[in-house]
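Hi,

Here is the structure I promised to pass on. Have a look at it first, then read my notes below.

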Amino acid sequence: MKHAAFKLAGVALSLSLAWSASAEPLRIAADPVPHAEILNFIKKQDTKLDLKIVELTSGVNANELLANGDVDANYFQHVPYLKDQEKALGKTFAVAATVHIEPLGIYSHKHKDLQSLPEGATVAVPNNTTNLSRALFLLQSKGLIKLAAKFTDPATTLATPKDIVENPHKLKILEVESPQIPRSLDDVDLAVINGNYALEAGLTPSKDALGLESAEHNPYANILVTNPQLANDPRVKELAKDLTSPQVAEFIRQRYNGSVIPVSAPQS
């Protein structure tokens with residue numbers, strides 16, 4: 001019995017030391033909306049987890065920050081984007097949690113529906129590889145264009161405007177930096193905007209979008225990412241647990257009303 005007691009005490013001490021060794025704040029880079037808002041909710045709920053939230057600004061690459069050790073984790077991207085970044089940076093990262101979906105939406109200040117588009121309408125789309133492809137798949141799902149037959153799975157095939165084989169409205173595709181697209185709404189007929197940038201611009205995707213990406217079987221769930229050597233860090237594991245909790249899922253549902261959709265936790 002004494003041996004068992006000493007063994008249990010040793011386990012408890014090891015766990016305590018693990019937290020002590022990781023007592024520094026967990027530095028995490030995140031987009032202001034909704035990611036940093038979700039993290040700030042967690043900060044209030046989980047007082048034993050010390051988060052230092054670094055809000056991203058335009059032009060800052062959060063994966064470069066992570067690769068360089070300037071942050072311990074980031075929370076802003078989906079897996080297809082991460083894979084593209086790993087190739088570009090020559091780095092391998094670790095996915096610690098799958099959290100939510102921000103459905104990509106089609107917006108307009110000039111048209112009330114997609115059926116009234118004039119011939120030659122201009123469409124602003126994200127200019128990064130994965131979200132450009134994602135935008136083209138969304139336009140195809142709404143019947144505005146058709147991609148070549150090989151483009152069947154948005155998670156594994158990346159399309160470009162060169163892969164459009166049918167364009168009945170003769171749409172003009174304009175590639176724009178993602179954070180800048182909401183500002184282009186007065187200058188284009190349609191704009192395909194990422195959910196976080198739509199929210200930052202005061203748009204409500206579930207209400208304002210003329211066309212919205214389906215959440216079902218959506219490969220673009222936003223993820224918590226860290227370096228492989230930190231994948232088992234107690235702070236990262238605690239944050240992953242929090243991000244996928246029913247409490248956070250309920251916060252997302254209540255705050256964003258369908259514009260951000262939790263994927264990792266059942267309704268409480």
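You'll find T130 in helix α5, residues 129-141. Leaving aside residues up to four places away in sequence, T130 touches H78, P80, Y81, D84 and L158, where contact means heavy atoms within 4.5 Å.

Before you go further, a word on where this comes from. It is a predicted model, in which local features need pLDDT of at least 70 and side-chain atom pairs count only at pLDDT 80 or more, while totals for chains, interfaces and linings use all residues. Residues are numbered from 1 along each chain as its sequence is written, and side-chain values use heavy atoms, with hydrogens and water left out.

Now the overall picture. The protein has nine helices and 13 strands; these are DSSP runs numbered from the N terminus (helices are H or I with at least four residues, strands are E with at least two). Of its 268 residues, 47% count as buried. Among contacts between residues at least 6 apart in sequence, 74% join residues at least 24 apart.

Next, the inside. The largest nonpolar core has 25 residues, and I38, L224, L239 and L243 have the most contacts inside it. (A nonpolar core is a set of buried Ala, Val, Leu, Ile, Met, Phe, Trp, Tyr and Cys residues joined through side-chain atoms within 4.5 Å.) Helix α2 gives the most to this core, with five residues. There is also a second, separate core of 22 residues, with L117, A121, F151 and A159 among them.

Finally, zoom in on two helices. α2 (residues 32-45) and α8 (residues 234-243) pack at an angle of about 105°, with their axes 11 Å apart. The axes are lines fitted to C-alpha atoms over the stretch in contact, and angles run from 0 to 180 degrees between N-to-C directions. That angle makes α2 roughly perpendicular to α8, a label that covers 65 to 115 degrees. Here I38, L39 and I42 of α2 meet L239, D242 and L243 of α8. Not counting residues up to four places away in sequence, L239 touches L26, I28, L39, I42, L49, L51 and L224.

Cheers

How values were computed:
Angles under 35 degrees count as roughly parallel, over 145 as roughly antiparallel, 65 to 115 as roughly perpendicular and the rest as oblique. Buried means under 20% relative accessible area, exposed over 50%, partly exposed in between (1.4 Å probe, protein chains only).
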